[in-house]
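Please look through the sequence and the model first, and then follow the topics below.

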Amino acid sequence: MDDVDRIIEQWARERPDLETPAMAAFGRIYRIAHIMGARQEKVQNGFGITRGEFDVLATLRRAGEPYQLAPKALAASLMLTSGGMTGRLDRLEKAGLVTRSPDPDDRRGLVITLTPRGFEVIEEAVTAGLAAQREVFEQLPPADRERLAVLLRDLLALMG
């Protein structure tokens with residue numbers, strides 16, 4: 001029995017008319033995301049970056065060589081406003097993890113590029129973050145891991 005089961009029992013007692021399987025499933029998804037998010041943030045903080053800064057560095061790294069994107073492309077990928085993006089870029093630039101330079105294809109634009117130090121930090125942070133995820137995930141039997149991945153993909157697809 002877990003906390004979600006106790007919540008469902010309370011609703012069953014107070015509102016026996018409610019059908020709560022969806023509440024139980026999403027309650028657990030939320031709790032898993034919250035707990036794992038906190039673990040990931042702790043790992044990222046060990047590299048001197050926040051979760052948001054990790055996302056910027058990871059997006060640049062995934063872009064492939066030369067590990068650069070326009071600020072608008074970064075903001076769109078991360079679903080951020082330009083103001084939110086600017087704050088993250090300011091901190092990352094000050095830390096020496098990214099540089100801003102003129103976009104050679106657009107005189108009015110900029111490109112954000114990972115520095116060698118930024119590349120090193122994101123490589124280490126991604127590796128450590130995946131290790132923290134695997135530590136939890138691999139406690140499930142392989143068939144359950146596969147089934148869970150498929151079910152979550154299907155559920156996410158249904159949500160749009």
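**Helix packing and an aromatic pair**

The axes of H3 and helix H5 (residues 82–94) come within 10 Å of each other and cross at roughly 85 degrees, where axes are lines fitted to C-alpha atoms, for helices over the stretch in contact, and angles run from 0 to 180 degrees between N-to-C directions. The model is predicted, so local features need pLDDT of at least 70 and side-chain atom pairs count only at pLDDT 80 or more, while totals for chains, interfaces and linings use all residues. Residues are numbered from 1 along each chain as its sequence is written, and side-chain values use heavy atoms, with hydrogens and water left out. Helices (H or I, at least four residues) and strands (E, at least two) are DSSP runs, numbered from the N terminus.

**H3 with H5**

- H3 and H5 are therefore roughly perpendicular to each other, a term for angles of 65 to 115 degrees.
- Gly52, Glu53, Asp55, Val56 and Leu57 in H3 meet Met85, Arg88, Leu89, Arg91 and Leu92 in H5, contact being heavy atoms within 4.5 Å.
- The residues of this contact divide into five nonpolar, one polar and four charged; Ala, Val, Leu, Ile, Met, Phe, Trp, Tyr, Cys and Pro count as nonpolar, Asp, Glu, Lys and Arg as charged, and the others, Gly among them, as polar.

**Glu53 in H3**

- Glu53, which has its place in helix H3, is buried with a relative accessible area of 7% (buried means under 20%, exposed over 50% and partly exposed in between, with a 1.4 Å probe and protein chains only).
- Leaving aside neighbours within four places in sequence, Glu53 is in contact with Gly48, Arg88, Arg91 and Leu92.

**H3 with H4**

- The axes of H3 and helix H4 (residues 71–78) come within 10 Å and cross at roughly 110 degrees, which makes H3 roughly perpendicular to H4.
- In this contact, Asp55, Val56, Thr59, Leu60 and Arg62 in H3 meet Leu74, Ser77 and Leu78 in H4, and the residues comprise four nonpolar, two polar and two charged.

**The aromatic pair**

- The count comes to one aromatic pair, under a rule that pairs rings of Phe, Tyr and Trp (its six-membered ring) if their centres lie within 6.5 Å, with planes under 30 degrees apart counted as stacked, over 60 as edge-to-face and the rest as tilted.
- Tyr67 and Phe119 form this tilted pair, at 5.1 Å centre to centre and with 50 degrees between the planes.
- Tyr67 lies in the loop between helix H3 (51–62) and strand S1 (68–69) and Phe119 in helix H6 (residues 116–137), so the pair ties together parts that are 52 residues apart in sequence.
- Tyr67 counts as buried at 17% relative accessibility, whereas Phe119, at 28%, counts as partly exposed.

Conventions. Parallel < 35°, antiparallel > 145°, perpendicular 65-115°, else oblique.
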